[in-house]
Amino acid sequence: MTPVSSPSLHGQSPLRTVQVLGGGNATSSAHVRSLAAGLVARGVKVTVCAPVEADRAYDFTGAGADHVHVPRSSDPVSVAALRAACAHADLVHAHGLHASFRTVLALSGRRVRTPLVVTWHDRAHAEGARAQLLRLLERRVVKAATVVLGTTSALVDRARLTGARDARLAAVALPGPRRPVEPDDPDGLRSKVRAELGAIGRPLLIAVGSLEAHRGYDVLLNAARAWRHLDPLPLVVIAGEGPLRAGLQWRIEDEGLPVRLIGRRDDVPDLLAAADLALLPSRWEARSVLAQEALHARVPLVATAVGGIPELVGDAAELLPYGDANALAETVVRLLGDPERRRLLQDRGVRQAATWPTEDETVAQVLSIYDELTQPQPLL
């Protein structure tokens, strides 16, 4: 795809953009890093406003962007720092609900209206009174935004129902090069990972994601009870960290479940390369990174048919209703005993992954929106 030209390529001054991050979401941080690199390469000046630890982790400055430290809170000091960083921007692009709300506060009261693009990468999760607060924040953000981009059709629909004037489906690539799958595993990496995890001579099932209620790990543990009679006994490995760790660990030990919690990992592609199946039992997902990584790695995926998952994977995964532990248990047993079905899902996964947007296409779409919002419109 030929990228859209930025204003600097027309002999004008470079387009000045500010990307705003809350710093707590790995998916949006990786997306902004990729986006910043692509925009800078096309002559756009990019400033990333994010906590300093986010720049250490994702190296926005290494992508050619300027970095301004803005803490995650929405207190007056953070808002003032963000307001100063946006003072000379031609356009501001915020990612995620809390970063977007902070940006709305920073841009309010300015004499010159600066176009604000908001990307919803996922839906905020909360219960009770906090859920009501999040809905109020969403309404405030979408009414202030010039354009809202949703990474799934469900998020676009949610933005429109919440009051967005202009909501569109975002092209969002899975950042980073994909390592080619080596069917023969010449370095023995698969065996090494399986040995480390304790999965020699038994099926290995991988789940990845924060240990929070919406991930559905309680359902996964319920399903694991049904696998205890299998020989060989499958091992479920959950990579991630979060507030539910102690409760999940207690259940695993109390019920003698074949499940291991291995904490946060930075080698998820290696874990997937060693796995027989990937599991995604969530109550809600947008563009799940695990689903994308699994299909790229030719690992059969069992997932709940929620949020953006059906749109993302098509017929390249086994899709189940959320909360049905029996269906999850039965589907896993059936797949482990059906190598032909697993191979079919692997082949479908490769074809489905080829339909997803590339990083270049993602940058081109975003830049076309920037041009639309900042370049002078011809007089009719």
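Start by selecting G43: this glycine comes after helix 1 and has a positive phi, near 90°. Before moving on, note that this is a predicted model, where local features need pLDDT of at least 70, side-chain atom pairs count only at pLDDT 80 or more, and totals for chains, interfaces and linings use all residues. Residues are numbered from 1 along each chain as its sequence is written, and side-chain values use heavy atoms, with hydrogens and water left out.

Now step back to helix 1, residues 26–41 (helices are DSSP runs of H or I, at least four residues, and strands runs of E, at least two, numbered from the N terminus). Its 16 residues should span 22 Å at 1.5 Å a residue, and the end C-alpha atoms sit 23 Å apart, which agrees; the expected span is 1.5 Å times one less than the number of residues.

Colour the buried residues of helix 1, among them S28, V32, L35 and L39 (buried means under 20% relative accessible area, with a 1.4 Å probe and protein chains only). Their packing partners include strand 1 (16–21), strand 2 (45–50) and helix 15 (359–374).

Next, show helix 3 (residues 76–85) with helix 4 (residues 97–107): they pack at about 70°, axes 8 Å apart. Axes are lines fitted to C-alpha atoms over the stretch in contact, with angles from 0 to 180 degrees between N-to-C directions. Zoom in and you'll find S78, V79, L82 and R83 of helix 3 meeting R102, T103, L105 and A106 of helix 4.

Last stop: T331, in helix 13 (residues 325–336). T331 is buried, at 6% relative accessible area. Beyond neighbours within four places in sequence, T331 touches V302, E318 and L320 (contact is heavy atoms within 4.5 Å).

Definitions and conventions:
Buried < 20%, exposed > 50% of the residue type's maximum accessible area, 1.4 Å probe, protein only.
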